[in-house]
Amino acid sequence: MGIKEKDLITMGQLSKEQIEEILSTAKEMKNIIKRDIKKIPTLRGKVVVNLFYEPSTRTRTSFELAGKYMSADVINISTSASSVVKGESLRDTGYTLQSMGADIVVIRHSMAGAPQLLGNYLNARVINAGDGFHEHPTQALLDMLTIKEQLGSFAGLKVAIIGDILHSRVARSNLSGLTKMGADVWLCGPPTLVPPGIETLGGKVTYNMDEALQDADVVMMLRIQLERQKAGLFPSLKEYSQLYGLTQEKIKLASKNSLILHPGPMNRGIEIAGNTADSSQSHIREQVTNGVAIRMALLYLMLGQQKGE
Ligand code: CP
């Protein structure tokens with residue numbers, strides 16, 4: 001089936017069947033990551049460009065490794081050391097990369113809609129690696145792979161997403177993907193950090209962390225962005241941590257074998273206690289490994305399949 005649309009911008013564009021195909025392809029890709037020699041020839045001759053206008057450790061590195069494990073040529077553009085600082089537009093940067101042979105551009109940008117805009121200009125394929133507060137579809141897919149590996153399926157699972165929902169592209173992509181697959185998604189945070197009306201997208205909203213945690217199968221903690229306190233969206237980090245931080249005590253409200261997830265980077269001791277992040281229920285490091293597998297699967301499905309496959 002593959003990904004028929006030229007670009008991957010949102011979780012909403014993927015059908016249930018496409019999500020299942022991406023997850024099962026990623027499962028196969030994990031076998032390659034586990035090998036001593038992590039190399040297959042699938043993308044030989046293909047060019048993957050990472051165009052990151054915002055900082056990233058996990059997403060950029062995993063796209064780079066994913067491409068390299070499949071023998072693509074991978075180029076990383078750090079916009080702070082590129083002609084972007086001389087005022088080059090997104091469109092001209094995109095045309096420049098395409099003219100040099102880019103087959104796919106992976107873009108992270110602070111402006112929602114930038115990946116879609118770039119995709120409209122280019123013949124090369126485009127993957128959204130996070131755009132503003134909009135979406136981060138490859139993060140949702142790696143979260144879903146982690147959940148599927150541990151719990152088998154999504155239907156009927158209670159997934160609590162806790163923290164700064166308002167500014168979280170991770171929350172929006174997970175809400176879209178997980179509800180499509182039949183999970184019961186709860187969104188929880190201080191009222192100032194939960195956008196009014198988000199429940200119309202299919203989740204349940206609570207401002208009470210205990211209610212979100214009660215019998216949850218999956219607890220996904222979000223990074224609290226420290227600059228939000230300066231904006232007056234919550235009184236203090238200490239109060240935020242007391243009301244919305246995950247601890248060993250609070251996780252007892254969730255199902256006995258609940259999974260703890262966090263997209264990273266984490267603020268240990270604020271949204272999640274250090275010992276909770278490192279506990280046996282935490283799958284945060286597995287999420288990182290799954291990030292490479294998901295990005296291999298996407299590059300394969302978008303670049304590596306022959307016509308008719
Ligand atoms: N989860 C995530 O997107 O992490 P990075 O910002 O390090 O890519």
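This is a predicted model: local features need pLDDT of at least 70, side-chain atom pairs count only at pLDDT 80 or more; totals for chains, interfaces and linings use all residues.

Visitor: Which residues does serine 71 touch, not counting residues up to four places away in sequence?
Guide: Serine 71 sits in the loop between α2 (58-69) and β2 (73-78). Beyond the residues up to four places away in sequence, serine 71 touches Lys39, Ile40, Pro41, Leu43, Arg44 and Gly45.

Visitor: Is serine 71 buried or exposed?
Guide: Buried means under 20% relative accessible area. Serine 71 has 18% relative accessibility, so this residue counts as buried.

Visitor: How many Å apart in space are lysine 34 and threonine 289, C-alpha to C-alpha?
Guide: In sequence, 255 residues separate lysine 34 from threonine 289. In space, the C-alpha to C-alpha distance between lysine 34 and threonine 289 is 9.8 Å.

Visitor: Which side chain joins that of arginine 169 in a polar contact?
Guide: Arginine 169 lies in helix α6 (residues 169-180) and is buried, with a relative accessible area of 13%. Leaving aside neighbours within four places in sequence, its contacts include Arg108, Asp131, Phe133 and His136. The polar contact, at 3.0 Å, is with the side chain of glutamate 54.

Visitor: Which residue has a polar side-chain atom 2.9 Å from an oxygen atom of the ligand?
Guide: The residues around the ligand include Ser56, Thr57, Arg108, His136, Gln139 and Gly264. Glutamine 139 places a polar side-chain atom 3.0 Å from a ligand nitrogen, while a polar backbone atom of glycine 264 is 3.3 Å from a nitrogen atom of the ligand. The 2.9 Å distance to a ligand oxygen belongs to a polar side-chain atom of histidine 136.

Visitor: At roughly what angle do the axes of helix α5 and helix α11 cross?
Guide: Two packed helices are described by the angle and the distance between their axes. Here the crossing of α5 and α11 is right-handed. The axes of α5 (residues 137-151) and α11 (residues 284-304) come within 8 Å, and they cross at roughly 115°.

Visitor: How many residues of the contact of α5 with α11 are charged?
Guide: Among the residues that meet are Asp143 and Glu149 in α5, and Glu286 and Arg295 in α11. The residues of this contact divide into six nonpolar, six polar and, for the charged group, four.

How values were computed:
Residues are numbered from 1 along each chain as its sequence is written. Side-chain values use heavy atoms; hydrogens and water are left out. Axes are lines fitted to C-alpha atoms, for helices over the stretch in contact, and angles run from 0 to 180 degrees between N-to-C directions. Helices (H or I, at least four residues) and strands (E, at least two) are DSSP runs, numbered from the N terminus. A crossing is left-handed if the near helix is turned anticlockwise from the far one by less than a right angle, and right-handed if clockwise. Contact means heavy atoms within 4.5 Å. Ala, Val, Leu, Ile, Met, Phe, Trp, Tyr, Cys and Pro count as nonpolar, Asp, Glu, Lys and Arg as charged, and the others, Gly among them, as polar. Buried means under 20% relative accessible area, exposed over 50%, partly exposed in between (1.4 Å probe, protein chains only). A polar contact is a pair of N or O atoms within 3.5 Å; within protein, one must be able to donate a hydrogen and the other to accept it, and residues adjacent in sequence count only if both atoms are side-chain atoms. A residue is near a molecule or strand if one of its heavy atoms lies within 4 Å of it.
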